[in-house]
Amino acid sequence: MSTSRPSARRALRRLPLHATAALTVVICLFPVYWMVTTALKPSTDIQSYDPRLIPRAWTLDHFRRAVGADGFALFWRNSILVTLSAVLLALVVALGAAYAVARLRWRGRRQFVLAVFIAQMAPWESLIIPIYIISRDTGMLDRLPTLTLIYFMITLPFTVIVLRGFIAGIPPELEEAAQVDGCTRAGAFRKVAFPLLAPGLMATSLFGFITAWNEFTYANFLIIKQQDSRTLPVWLSSFQSTFGTDWGATMAASTLFALPALAIFLALQRHVTAGLASGGVKG
């Protein structure tokens, strides 16, 4: 009896915390639930004045209309190409920069780190006009490589910050021992430190993928004339017309659009948690 009472008291004290966590989960997931159920509702139920949490009927017509829309496969390919290219480029550049900041001592290192933090805090929307002018004057408008470079610049500061903290958390003695055994500095990093960076690389890759995958402003602002160079976020706006919005097709397209990011997150969630936690320990 004596041991059960303290446990019951602890459970009662944690009850408000658990209730708050459950409420937060419901609030965060309800828009996703509403999007999916709207995509599965018949058009008459979507326009009904009596909305229901659980649809009375189900249909896949909206998904068929979304998949059959003009440019679906092309815009999907564009988004995959731009997103993966930007993420891979950011990882390669950030890995070298993070290693130089975390392991080496050189003049201007603190100023460089400060500049990276400032770049991370800066709102990228404020650079739309300068980037547009530069792209126009250099003939880079309406091109996918322009979006790739922009997404690379957006994701690079966060990638450097996280990988810097993660590299700093790896004991340098491990690399020094490998160098004593005959490895070069680059060889020691490749054989010893790099395998330990997997969680950090996963975390930054997921952040970069979601950021580039969901970006709409630059894709809509810089790809003006060439319809074939547009990405999926811009494609979602094609279900709007002068007669209104096709909410069923829009929600179906949004559901399909969210699936890749959701699948990648579910596959990498363990590495992501470990990477974010370890990346914030030292630096």
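How many nonpolar, polar and charged residues are in the lining of the largest cavity? The tour ends with that count.

This is a predicted model, in which local features need pLDDT of at least 70, side-chain atom pairs count only at pLDDT 80 or more, and totals for chains, interfaces and linings use all residues. Residues are numbered from 1 along each chain as its sequence is written, and side-chain values use heavy atoms, without hydrogens and water.

Select residues 144-168, which form helix 7 (helices are DSSP runs of H or I, at least four residues, numbered from the N terminus). Its 25 residues reach 35 Å from first C-alpha to last, close to the 36 Å expected at 1.5 Å a residue (1.5 Å times one less than the number of residues). Of the 25 residues, 21 are buried, so helix 7 is largely enclosed by the rest of the structure; buried means under 20% relative accessible area with a 1.4 Å probe, protein chains only.

Next, select Leu29, Val32, Met35, Val36, Ser254, Thr255, Ala258, Leu259 and Leu262, the lining of the largest pocket. On a 1 Å grid over the protein atoms alone, a pocket is an open set of points with protein on both sides within 12 Å along at least five of seven lines, and lining residues have an atom within 4 Å of a point; a cavity is a set where a 1.4 Å probe fits but cannot get out. Helix 13 (247-279) supplies the largest share of this lining, five residues.

Last, select Lys41, Asp45, Ser48, Asp50, Pro51, Arg52, Pro55 and Arg56, which line the largest cavity. This lining has two nonpolar, one polar and five charged residues; Asp, Glu, Lys and Arg count as charged, Ala, Val, Leu, Ile, Met, Phe, Trp, Tyr, Cys and Pro as nonpolar, and the others, Gly among them, as polar.

Note on methods
Helices (H or I, at least four residues) and strands (E, at least two) are DSSP runs, numbered from the N terminus. Buried means under 20% relative accessible area, exposed over 50%, partly exposed in between (1.4 Å probe, protein chains only).
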